[in-house]
Amino acid sequence: MNIKKLPNQLIDQIAAGEVVERPASVVKELVENALDAGATVIDIDVQTGGKKRIKITDNGDGISQADLSMALQRHATSKIQSLDDLESLLSMGFRGEALPSIASVSRFELISRHKDAEMAYQINAHGGEIEGPMPAAHPIGTTIIVADLFFNTPARRRFMKTDQTEYLRIDELIKRVSLSRFDVTFRLSHNGKMIRNAQGCNASSNSDILKHQRINQLCGKDFIENAIYIEQQRGKLKMSGWVAKPSWNRAQPDRQFFYINNRMIKDKLVGHAIRQAYQDVLFHGRFPAFVLYLDIDPELVDVNVHPTKHEVRFRDSKLVHDFIFGSIHQSLAHTRVGEMSATVAEPLPDYSQMQHRMNLSGGGQSGGSSAYAGNHFQSSIPGQGVREASFGYLDQVAAGSQNLPDYPSMGEHNLPTKEGEHPDIPPLGYAKAQIHGVFIIAENQHGLIIVDMHAAHERITYERMKVKFAEDALRNQKLLVPIQVNVSSREINAVDTHRNWFEQLGFEITVSGEESLVIRKIPAMLANADVENLIKDVLSEIVALGSSQKIEAQINEIMSTMACHGSVRANRQLSIMEMNGLLRDMEQTLRSDQCNHGRPTWTQLDMKQLDKLFLRGQ
């Protein structure tokens with residue numbers, strides 16, 4: 001068959017196959033065009049899940065009569081003019097493919113009035129046949145009607161799902177877009193019924209309240225109540241938003257919203273960084289929830305990677321990965337009793353230079369020593385086995401230790417203030433009893449506290465192990481028989497690039513050929529690990545993402561197991577002083593809300609909940 005140039009209509013339909021997958025794809029492209037036009041109000045009206053009709057109206061700048069003729073031409077756009085524009089892109093659209101692609105597979109109408117024009121003009125297209133422009137009546141802004149989607153490509157039409165399924169995809173899309181622009185009002189109607197009405201906020205409105213209202217509508221009313229607000233900046237990278245506490249997790253990844261320069265994305269590198277940040281605080285099989293915004297110099301990110309623009313490519317993927325990981329990891333470290341501060345105010349360390357400390361020294365205490373100090377780490381040193389950790393509180397108190405704060409007791413002299421607070425009562429209060437050698441019952445200013453003593457002690461021991469392990473430096477051991485590993489040439493380059501990092505972790509790796517390595521020393525903690533496959537996985541991840549935490553993760557997993565076996569066991573009878581010492585250490589230990597496996601360590605029943613249990617006051 002001879003090579004021939006394809007007809008323009010067929011070219012448009014091929015392009016439509018990439019850009020227009022279903023009605024939600026049409027809505028996405030048209031809403032993004034409205035945002036680029038400066039719209040502050042966008043109305044989306046769909047019928048039968050968008051298969052019969054999609055109508056989108058905005059109050060943006062509009063399109064002039066002269067530009068309407070070009071609007072349906074392929075690769076015609078007002079958003080970029082040169083390669084420099086493409087490399088510093090901030091607009092949502094830029095390829096000039098959306099409108100001609102949509103018009104080629106639908107009955108298409110576009111009515112627009114430019115902000116400087118006295119009247120509006122309309123252009124129509126039916127399966128690629130264009131009519132107009134012609135005068136029309138319309139306020140400043142644009143209305144686009146897409147009817148009978150895929151009417152001329154029946155094979156594509158058969159691939160669409162039920163009306164309800166297609167509508168739910170549109171609804172989910174509008175949820176995600178509306179979280180990217182709090183300053184814009186989004187209204188969604190389906191079959192004549194208003195479904196969503198997210199009011200935009202401006203400089204004169206109480207923006208925080210409106211933002212929270214929109215997030216509550218889309219993520220659930222209890223998301224904000226269980227989320228930590230973060231705001232971090234390093235160089236040309238800035239991230240802000242909300243991450244849910246590990247205890248507020250989901251069975252599905254349906255509350256995960258991430259935006260780069262207000263563009264919603266689903267990127268593998270970003271997802272990997274967030275999963276790593278939640279690694280030892282989230283219960284297995286569960287998913288974190290977050291609404292996060294990354295602002296980055298547009299020259300450092302390429303959005304022209306995928307037809308849907310959901311994936312991006314970073315110029316320095318390792319820098320971005322470490323920044324996202326470090327910001328979230330640091331904020332989650334403060335999910336501890338008595339420190340539910342919503343903002344992480346301290347500056348972010350340079351994680352690209354301190355990557356080996358992200359997990360190993362991410363824990364520990366802030367503010368004073370603990371009754372555990374100098375007493376538990378004999379069991380955390382490799383080769384000495386694991387024994388049950390002992391509580392030395394009574395001996396330390398008798399010896400005059402200052403480790404336990406001298407809090408007053410909850411007596412009559414410590415009544416609530418006018419605001420209902422006990423200023424001298426610690427967050428977890430004071431121990432009253434132990435139940436079946438498993439739970440500690442304590443009383444604080446709000447009511448009843450129940451603590452799983454093994455889970456709490458496990459987290460405390462684990463965080464102390466991480467700090468001690470980092471402070472002692474990573475002990476390594478020389479292998480009697482070096483391990484030879486066959487890898488790719490790109491992975492050889494990764495070893496050379498990250499040689500200092502491997503040495504800091506306790507590895508000695510030398511290049512023995514164009515595609516082979518020799519491992520001569522390994523961290524003592526990994527003496528029984530499958531080192532060959534671990535190094536292969538690490539190098540594969542470095543090549544793909546620019547960094548890896550697999551080594552730290554495996555070391556942490558070993559320490560987590562040791563902490564579990566070295567923590568106080570069920571049926572261990574504790575004195576009141578020992579129980580109070582455990583409560584105080586929980587208050588000073590990072591991530592103490594969850595054990596190493598993501599299970600909660602404590603819960604609170606306030607007086608209203610207790611009254612309700614016994615029908616008091618009813």
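Reply: Two strands count as paired if DSSP finds at least two bridges between them. Strands themselves are DSSP runs of E with at least two residues, helices are runs of H or I with at least four, and both are numbered from the N terminus. The model is predicted, so local features need pLDDT of at least 70 and side-chain atom pairs count only at pLDDT 80 or more, whereas totals for chains, interfaces and linings use all residues. Residues are numbered from 1 along each chain as its sequence is written, and side-chain values use heavy atoms, with hydrogens and water left out.

The part to look at is an open sheet of eight strands, in the order β5-β4-β3-β6-β2-β1-β7-β8, whose pairing is mixed. Its edges are β5 (129-136) and β8 (193-198); each has a single partner strand, so one side of each has no neighbour in the sheet. On average, and with direction ignored, neighbouring strands here are turned by 10° against each other. Angles run from 0 to 180 degrees between N-to-C directions, with axes as lines fitted to C-alpha atoms, for helices over the stretch in contact.

Within this order, strand β3 (residues 107-113) is joined to strand β6 (residues 141-147) by seven bridges in the antiparallel sense. In that pair, leucine 110 faces isoleucine 144 of β6.

Helix α2 (residues 23-36) lies across β1 (41-47), β2 (53-58), β6 and β7 (185-190), at about 10° to β2. Helix α7 (residues 163-180) touches β1, β7 and β8, and its direction makes about 175° with that of β7.

For reference, there is also an open sheet of four strands, ordered β16-β17-β18-β22, with antiparallel pairing. The edge strands are β16 (430-435) and β22 (602-606), each pairing on one side only. Five bridges hold the antiparallel pairing of β16 with strand β17 (residues 439-443), and tyrosine 430 stands opposite glutamate 443 in β17. Helix α19 (residues 576-588) lies across β16, β17, β18 (447-452) and β22, and runs at about 115° to β16.

The contact includes Leu269, Val270 and His272 from α10, and Ser317, Val320 and His321 from α11.

Notes. Contact means heavy atoms within 4.5 Å.
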